[in-house]
Amino acid sequence: QGQLVESGGGLVQAGGSLRLSCAASGSIFSINDMGWYRQAPGKQRELVARITSGGSANYADYVKGRFTISRDNGKNTVYLQMNSLKPEDTAVYYCNAVVNTRWGEYIYRGQGTQVTVSS
């Protein structure tokens, strides 16, 4: 049984930066797409950014130019560098990954990490 473990969340002032990490572990052959989602109180979960195994990334409009997603395939890890943070970026951030294992393809989901941006 594999898992994703996120880290790097916390409290930051508006205009500041945070870097989130998400590491996959378990019996992994390879990982296809990896992504970051977020959910603010009272709102639906929304896509922030995702990246393919080849490194192609796409972003939600509201984070373009401020956030950067990247991955280290050797470490089965995806990162989210968040700059110029705004109070509206406050949310629980979740990562997910499409993982190939000996038993087939599965979607792994992390437990979430809180990001709070104060004004």
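**Reading contacts and burial in a predicted model**

Modeller: The side chains of Lys64 and Asp61 meet in a salt bridge, with N and O 3.1 Å apart. The model is predicted, so local features need pLDDT of at least 70 and side-chain atom pairs count only at pLDDT 80 or more, while totals for chains, interfaces and linings use all residues. Residues are numbered from 1 along each chain as its sequence is written, and side-chain values use heavy atoms, with hydrogens and water left out.

Biologist: What is a salt bridge by this rule, and how many does the count come to?

Modeller: The term requires a side-chain nitrogen of Lys or Arg within 4 Å of a carboxyl oxygen of Asp or Glu. The count here comes to four.

Biologist: Are Lys64 and Asp61 buried, partly exposed or exposed?

Modeller: The classes follow relative accessible area: buried is under 20%, exposed over 50%, and partly exposed in between (1.4 Å probe, protein chains only). Lys64 counts as partly exposed because its relative accessibility is 49%. Asp61 is exposed because its relative accessible area is 63%.

Biologist: Which residue forms a salt bridge with Arg38, and where do the two partners lie?

Modeller: Arg38 pairs with Asp89, and their closest N and O atoms are 2.9 Å apart. This pair links distant parts of the chain, since Arg38 belongs to strand S4 and Asp89 to the loop between S8 and S9, 51 residues apart. Strands are DSSP runs (E, at least two residues), numbered from the N terminus. Both Arg38 and Asp89 are buried.

Biologist: Which residue forms a salt bridge with Arg66?

Modeller: Asp89 is again the partner, with the closest N and O atoms 2.7 Å apart. Arg66 is buried because its relative accessible area is 10%, and Asp89 counts as buried because its relative accessibility is 1%. Through shared partners, salt bridges join Arg38, Glu46, Arg66 and Asp89 into one network.

Biologist: Which residues have the most contacts inside the largest nonpolar core?

Modeller: In soluble globular proteins, nonpolar side chains tend to be buried together. A nonpolar core is a set of buried Ala, Val, Leu, Ile, Met, Phe, Trp, Tyr and Cys residues joined through side-chain atoms within 4.5 Å. The largest one here has 30 residues, and those with the most contacts inside it are Trp36, Val48, Phe67, Val78, Leu80, Met82 and Tyr93. The strands that each supply at least two of its residues include S3 (18–25), S4 (30–39), S5 (46–51) and S9 (91–101). S9 gives the most, with five residues.

Biologist: Which residues does Leu80 touch?

Modeller: Contact means heavy atoms within 4.5 Å. Not counting residues up to four places away in sequence, Leu80 touches Leu18, Arg19, Leu20, Trp36, Val48, Ala49, Phe67, Thr68, Ile69 and Tyr93.

Biologist: Where does Asn96 lie, and is it buried or exposed?

Modeller: Asn96 is in strand S9 and counts as buried because its relative accessibility is 16%. Leaving aside neighbours within four places in sequence, its contacts include Asp33, Met34, Tyr37 and Tyr108. Tyr108 itself belongs to strand S10 (residues 104–109) and is buried, with a relative accessible area of 11%. The C-alpha atoms of Tyr108 and Ala97 are separated by 5.2 Å, although these residues are eleven places apart along the chain.

Biologist: With which side chain does the side chain of Asn100 make a polar contact?

Modeller: A polar contact is a pair of N or O atoms within 3.5 Å; within protein, one must be able to donate a hydrogen and the other to accept it, and residues adjacent in sequence count only if both atoms are side-chain atoms. Asn100 lies in strand S9, and its side chain makes such a contact with the side chain of Asn32 (3.3 Å). Leaving aside neighbours within four places in sequence, Asn100 is also in contact with residues including Ser27, Phe29 and Glu105.

Biologist: Over the face of which residue does Arg45 lie?

Modeller: A charge sits over a ring if NZ of Lys or CZ of Arg is within 6 Å of the ring centre and within 35 degrees of the ring normal. Arg45 lies over the face of Tyr94, at 3.7 Å from the ring centre. Arg19 lies over the face of Tyr79, at 4.1 Å from the ring centre.

Key. Helix = DSSP H or I, 4+ residues; strand = E, 2+ residues; numbered from the N terminus.
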